[in-house]
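Colleague: I am new to this one. Please show me the structure, and then I will ask about it piece by piece.

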Amino acid sequence: MASLAALVIVVHLVFVVFATLGGMLAIRWPRIAWVHLPCAAWAAFVEFSGRICPLTPLENALRRRAGLEYYSGDFVANYILPVLYPEGLTRDAQLAIGAFVVMLNVVAYAWVLRRRRARV
């Protein structure tokens, strides 16, 4: 179970990175937008709504079954924010993260659309 919990952590981290930076991949490979846009929308929804991603309870359940300590809050608060915001996740931090994800991807997709229009 501990290895499954670790796998969920890796998948969760890859998802967070992809949702945040996947628009940059769309600059090189525009078709990736079909996968990235729903992922980015989900990530922004989770942050803006203050919800917890379903992967977090799954990870905690697997950690519990393996006899490992589990955490309260969400994935971002437990793994990412301690690096960025040592005091933890606040509502303002969630809104800032959501806005950053949206803004970064709007810029990336504006670039993609501009390149596409220049070709046509």
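Colleague: Is Trp 42 buried, partly exposed or exposed?

Modeller: First, this is a predicted model: local features need pLDDT of at least 70, side-chain atom pairs count only at pLDDT 80 or more, and totals for chains, interfaces and linings use all residues. Residues are numbered from 1 along each chain as its sequence is written, and side-chain values use heavy atoms, with hydrogens and water left out. Buried means under 20% relative accessible area, exposed means over 50%, and partly exposed lies in between (1.4 Å probe, protein chains only). Trp 42 has 36% relative accessibility, so Trp 42 counts as partly exposed.

Colleague: How many helices and strands are there in the protein?

Modeller: Helices (H or I, at least four residues) and strands (E, at least two) are DSSP runs, numbered from the N terminus. From that end the elements run α-α-α-α-α. The count is five helices and zero strands.

Colleague: What percentage of the 120 residues is buried?

Modeller: One buried example is Val 8, at 9% relative accessibility. Val 8 has its place in helix α1. Over the 120 residues of the protein, the buried part is 33%.

Colleague: How is the pair of Trp 42 and Phe 45 classed: stacked, edge-to-face or tilted?

Modeller: Rings of Phe, Tyr and Trp (its six-membered ring) pair if their centres lie within 6.5 Å; planes under 30 degrees apart count as stacked, over 60 as edge-to-face and the rest as tilted. By this rule there is one aromatic pair. The ring centres of Trp 42 and Phe 45 are 5.7 Å apart and the planes are at 40 degrees, so the pair is tilted.

Colleague: What separates Trp 42 and Phe 45 along helix α2?

Modeller: Phe 45 is partly exposed, with a relative accessible area of 38%. Helix α2 covers residues 33-49, and the two residues are three apart in it, so Trp 42 and Phe 45 are separated by about one helical turn.

Colleague: Which side chains meet in a salt bridge?

Modeller: A salt bridge is a side-chain nitrogen of Lys or Arg within 4 Å of a carboxyl oxygen of Asp or Glu. A search of the whole structure finds one. Both partners lie in helix α3, four residues apart, and both are buried. At 4.0 Å, N to O, the pair is Arg 63 and Glu 59.

Colleague: Which element gives the most to the positive patch?

Modeller: Patches are made of residues with over 30% relative accessible area and no salt bridge: like charges are joined within 9 Å, nonpolar side chains (Val, Leu, Ile, Met, Phe, Trp, Tyr) within 5 Å. Lys and Arg count as positive. Arg 28, Arg 31, Arg 115, Arg 116 and Arg 119 form the positive patch. With three residues, the element giving the most is helix α5 (residues 91-119).

Colleague: What is the area of the nonpolar surface patch?

Modeller: Accessible areas come from the Shrake-Rupley method with a 1.4 Å probe. The patch is made by Met 1, Leu 4, Leu 7 and Val 11. Leu 7 is in helix α1 (residues 2-28) and is partly exposed at 49% relative accessibility. The patch area is about 350 Å².

Colleague: How far apart in space are Pro 54 and His 12?

Modeller: Pro 54 is in the loop between α2 and α3 (55-65). Pro 54 is exposed, with a relative accessible area of 51%. Pro 54 and His 12 are 42 residues apart in sequence; C-alpha to C-alpha, the distance in space is 9.9 Å.

Note on methods: The place of a charge is taken as NZ of Lys, CZ of Arg, CG of Asp or CD of Glu.
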